[in-house]
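I opened the model to look up two things.

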Amino acid sequence: MSITESLARVQERIAAASLRSGRKPEEITLLAVSKTFPPGQIRAAYDAGLRVFGENRVQEFSGKIGSLHDLRDAEWHMIGHLQTNKAAQTAELFSHIDSVDSVRLARKLNSAAIDLGKKIPVLIEINIGAEAAKSGVALDSTELEDLLNAVPDLPSLDFRGLMTVPPFSDDPEQSRPYFRKMCEVFHRIAARRLPAVQMLTLSMGMSHDYEIAIQEGATCVRIGTAIFGERRSLGSKL
Ligand SMILES: *Cc1c(COP(=O)(O)O)cnc(C)c1O
């Protein structure tokens with residue numbers, strides 16, 4: 001199946017899931033996860049109408065962006081775990097960073113953004129399943145509060161919401177309670193009207209569970225396989 005065809009299918013299902021849950025399809029941003037795929041495929045997805053892309057490795061993306069600079073209105077989102085020593089390079093290459101998960105990382109990104117003279121839209125990643133092997137702030141610690149408290153000192157980051165990857169299961173229904181909990185956390189933070197924190201984006205749902213994520217309040221779904229096909233490289237699931 002071509003990218004155009006698989007994209008049309010995904011968009012149909014996003015629209016159907018939105019309407020079923022009383023939401024407008026335009027409220028949902030489709031972020032295309034292009035990790036492991038070459039620039040040619042990204043360009044094909046762009047030509048098919050996609051504008052929002054996600055990559056999870058700085059190194060890999062730095063090798064691809066060179067041939068994609070002409071796609072001026074594309075957004076490039078970092079969605080993978082970030083080492084603080086990659087903060088400067090990440091701030092330079094990406095337009096959005098969706099995986100901020102510590103005050104330390106946020107401070108490094110803020111400094112890098114100041115050096116670059118830009119303001120970077122970011123999301124806080126939550127480890128909603130409290131999995132040892134996953135990144136994201138844990139809800140059973142003070143990490144989230146620490147980050148929210150640090151926001152006023154990080155004026156070159158634009159805090160816009162939350163992102164999560166729930167524990168993987170072959171049965172997408174298993175994701176539902178995690179998505180529901182994320183939506184509660186999201187609304188609880190929004191209700192506090194914290195200075196410089198906007199709650200606009202709730203990024204959750206991947207190829208196997210995005211319809212459920214939409215039912216549970218996602219405003220952004222991150223989809224790789226269902227658009228580009230299976231990834232071949234080893235260890236590239238996340
Ligand atoms: C790879 C990845 C996705 C997309 O996964 P698919 O199952 O291919 O849709 C979404 N989010 C993150 C953080 C990822 O690393």
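I take a polar contact as a pair of N or O atoms within 3.5 Å; within protein, one must be able to donate a hydrogen and the other to accept it, and residues adjacent in sequence count only if both atoms are side-chain atoms. The model is predicted, so I note that local features need pLDDT of at least 70, side-chain atom pairs count only at pLDDT 80 or more, and totals for chains, interfaces and linings use all residues. Residues are numbered from 1 along each chain as its sequence is written, and side-chain values use heavy atoms, with hydrogens and water left out.

**Ligand site**

I checked the side chain of Arg-231: one of its N or O atoms is 2.8 Å from a ligand oxygen. For Lys-35 I read 2.7 Å to an oxygen of the ligand. For Ser-207 the value is 2.5 Å. The protein covers 97% of the 390 Å² of accessible area that the ligand has on its own (Shrake-Rupley method, 1.4 Å probe).

**Thr-164**

Leaving aside neighbours within four places in sequence, I list Ile-126, Ile-128, Met-182, Ser-203, Met-204 and Arg-222 in contact with Thr-164 (heavy atoms within 4.5 Å).
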